[in-house]
Amino acid sequence: MLVYEQQQQLESLLFSAYKKAGEPADMAAFIRHESAGRLHCEVKLYISPQLAAAVNVEGAQACPKPKAQDLGLLVGDVDAWLALFPATNGI
């Protein structure tokens, strides 16, 4: 609940960059909530390299592409699944 406002601001920033770029399929952001049995969960956000290049997100760190399992599409088109995670067959 504490991160909700920050998530909305970040989603708005990413969505704006995505729209400005013409909504390409390889631009997307995915989100996953991880709790690992803890009281509070961590929110993990994967921003595709193409979207990351279009917007500067403070505190973002480059990382390997995560597994698609349990990711939710935050910004982008459903075609982003196939473009960025081809082995998933579009979940």
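1. Let's start with arginine 32, which sits in strand β1. Helices (H or I, at least four residues) and strands (E, at least two) are DSSP runs here, numbered from the N terminus. This is a predicted model, so local features need pLDDT of at least 70, side-chain atom pairs count only at pLDDT 80 or more, and totals for chains, interfaces and linings use all residues. Residues are numbered from 1 along each chain as its sequence is written, and side-chain values use heavy atoms, with hydrogens and water left out.

2. Arginine 32 counts as buried because its relative accessibility is 16%; buried means under 20% relative accessible area, exposed over 50%, and partly exposed in between (1.4 Å probe, protein chains only). Its side chain reaches the backbone oxygen of glutamine 69 at 2.5 Å, and a polar atom of that side chain lies 3.4 Å from the backbone oxygen of lysine 67. For polar contacts, the rule is a pair of N or O atoms within 3.5 Å; within protein, one must be able to donate a hydrogen and the other to accept it, and residues adjacent in sequence count only if both atoms are side-chain atoms.

3. Leaving aside residues up to four places away in sequence, arginine 32 touches Glu42, Val43, Lys44, Pro66, Lys67, Gln69, Asp70 and Leu71 (contact means heavy atoms within 4.5 Å).

4. One of those neighbours, Asp70, has a positive phi of about 70° although it is not a glycine. Most residues other than glycine have a negative phi. Aspartate 70 is in the loop between α2 (49–54) and β3 (72–75) and is exposed, with a relative accessible area of 59%.

5. Glutamate 23 is worth a look too: its phi is near 60°, again positive in a residue other than glycine. The loop between α1 (4–20) and β1 (29–34) holds glutamate 23, which is partly exposed at 37%.

6. The structure holds one salt bridge, meaning a side-chain nitrogen of Lys or Arg within 4 Å of a carboxyl oxygen of Asp or Glu. Glutamate 23 makes it with lysine 19, the closest N and O atoms being 2.4 Å apart. Lysine 19 counts as partly exposed, at 41% relative accessibility.
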